Amino acid sequence: MRIYKILTISLFIFFAACKDKPKEKETAAAHKVTPSDKISDMSIYNLPSVWTDQDGKEIELKKLKGKVLVMVMFYTSCKIACPRLVADMRNIEKQVPQEDKEKVKFIMISIDPETDTPERLKTYAQENQMDSDKWLFLRGSQEDTREFAAVLAVSYKQISPMDFSHSNIISVFNQGGELAYQQEGLGVNNKNAIDKILELAN
Amino acid sequence: MPVKLTSYFLLLFALPWVAIWAQEDQMAKVKGGVYTPLYGADSTAVGVSDFYMDLYPVTNSEYLAFVNDHPEWKKSRVKKLFADGLYLRNWESDTKLGKKVVPNAPVTNVSWFAAKKYCECQGKRLPTMDEWEFAARADETMADARNKPGYNKYILGWYEAPHTFKNPIGSTFKNYYGIYDLHGLVWEWTSDFNSVLLSGESRKGNDEDANLFCGSAAIGATDLMNYAAFMRYAFRASIKANYTVQNLGFRCAKNVIDNKGEQELSFNSMK
């Protein structure tokens with residue numbers, strides 16, 4: 001009899017796969033929404049995706065709520081632009097004063113999740129002195145990655161098995177997950193990005 | 001009991017198949033192949049696997065049914081992250097199309113997120129850009145009509161015609177694969193629309209975007225004569241995923257499942 005149940009349930013899931021928020025009403029009624037729970041319409045915390053970090057741990061984007069996020073999309077085997085993009089990120093990180101660093105998280109999202117396993121991301125982090133807890137390396141499914149890029153207005157395309165074309169954009173999000181600032185291009189002055197981060201953190 | 005058991009299992013296994021047949025009912029199978037898109041991987045050939053594509057763009061009434069099932073996509077409730085302020089702007093209300101909207105015309109003013117969700121809820125997905133362009137090379141009689149003067153003339157003539165989004169589905173030609181309206185009614189979302197790397201600078205025609213895009217040297221149009229396609233790619237590069245545009249709709253696609261029951265890769269880069 002149990003097998004019936006399991007099969008029926010799995011069949012139900014098959015049909016209901018697209019409903020990612022079926023219990024919205026119930027949960028809203030069940031617990032009062034406190035102000036800190038509230039996220040705005042434009043918040044990236046509306047995205048339901050789950051990511052894996054450089055330690056192989058699963059992480060929901062929502063867990064980052066309350067921090068200022070500095071994000072970039074990259075991939076570890078990139079030889080041309082990414083080292084400069086990473087240099088820009090490190091440069092920004094260095095200029096955030098020690099006392100503010102608790103409030104800011106630096107996030108590197110891979111656009112090549114097939115190659116960029118957690119181990120590979122970890123090694124990359126260590127090699128580039130980005131292995132403190134301020135840095136978070138994330139990989140997700142192809143689809144969630146494409147979706148996240150769509151939110152950041154980052155374009156990318158695989159142009160060969162090893163290489164991608166991609167936009168070089170550093171994005172800053174406020175504590176509620178709303179896009180606050182974007183810096184496009186390489187080797188540009190990071191001052192505006194840093195000013196924005198400090199303004200948000202304080 | 002054994003009879004009951006057998007019929008239970010029959011029902012259990014028949015159901016998904018019925019659902020799958022029903023899904024493919026209004027779809028055409030497009031036999032894949034290798035082709036050189038206007039704008040692709042290193043501007044060389046790309047491989048497209050066999051896939052199913054909807055015969056028609058998704059209509060207003062079909063989208064209304066979806067919104068009724070998924071209230072979070074109603075125009076009053078949709079999150080701005082997922083659709084901008086013009087989402088379903090011509091609809092009278094959340095659940096009424098109203099006089100301005102033709103029920104069996106393609107739904108427009110829908111975002112990429114909305115289109116993607118709609119297709120997922122049908123057990124389908126959005127077509128990739130390479131798939132869409134592959135199928136859209138066809139005219140009535142040929143799989144690839146891009147070299148026919150009439151083909152490009154037709155498309156460019158359409159680009160100049162106003163308000164074609166108000167025409168009902170099926171009102172343009174049936175192409176080689178049996179698919180309607182790829183050209184002539186609305187422009188359509190693709191799953192990886194944001195893989196076109198054109199910057200403001202590259203549209204202006206100077207080459208200083210090397211700092212904006214990694215690997216931008218690989219970008220170039222293989223056939224600039226194909227102005228119609230160039231316009232589509234430039235348009236895709238100019239929109240964001242929550243934009244909703246009056247002449248932009250969508251249709252869904254689906255993988256062809258091979259004999260082993262494994263899903264084929266939807267697109268492989270070929271060198």
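A: Let's begin with the record: the unreviewed UniProt entry puts a "binding site" annotation on A:Cys78 and A:Cys82. UniProt positions are given in the numbering used here, feature names are shortened, and annotations may be inferred rather than shown by experiment. Residues are numbered from 1 along each chain as its sequence is written, while chains are lettered from A and ligands numbered from 1 in the order in which they are written. This is a predicted model, where local features need pLDDT of at least 70, side-chain atom pairs count only at pLDDT 80 or more, and totals for chains, interfaces and linings use all residues; side-chain values use heavy atoms, with hydrogens and water left out.

So where do the two cysteines sit? A:Cys78 lies in the loop between strand E3 (68–74) and helix H3 (82–95) of chain A, and A:Cys82 is in helix H3 of chain A. Helices (H or I, at least four residues) and strands (E, at least two) are DSSP runs, numbered from the N terminus. A:Cys78 counts as buried because its relative accessibility is 5%, and A:Cys82, at 0%, counts as buried too. Buried means under 20% relative accessible area, exposed over 50%, and partly exposed in between (1.4 Å probe, protein chains only).

What does A:Cys82 touch, leaving aside its neighbours within four places in sequence? A:Cys82 is in contact with A:Phe74, A:Tyr75 and A:His166, where contact means heavy atoms within 4.5 Å.

Now for chain B. Chain B has seven helices and nine strands, and 51% of its 271 residues count as buried.

The axes of H2 (residues 60–69) and H3 (residues 112–121) of chain B come within 11 Å and cross at roughly 80°. Axes are lines fitted to C-alpha atoms, for helices over the stretch in contact, and angles run from 0 to 180 degrees between N-to-C directions. H2(B) and H3(B) are therefore roughly perpendicular to each other, a label for angles of 65 to 115 degrees (under 35 is roughly parallel, over 145 roughly antiparallel, the rest oblique). On the H2(B) side, B:Glu62, B:Tyr63 and B:Phe66 meet B:Ala114, B:Lys117, B:Tyr118 and B:Cys121 in H3(B).

Last stop: B:Ser195, in the loop between strand E5 (187–188) and helix H6 (200–204) of chain B. At 0% relative accessibility, B:Ser195 counts as buried.
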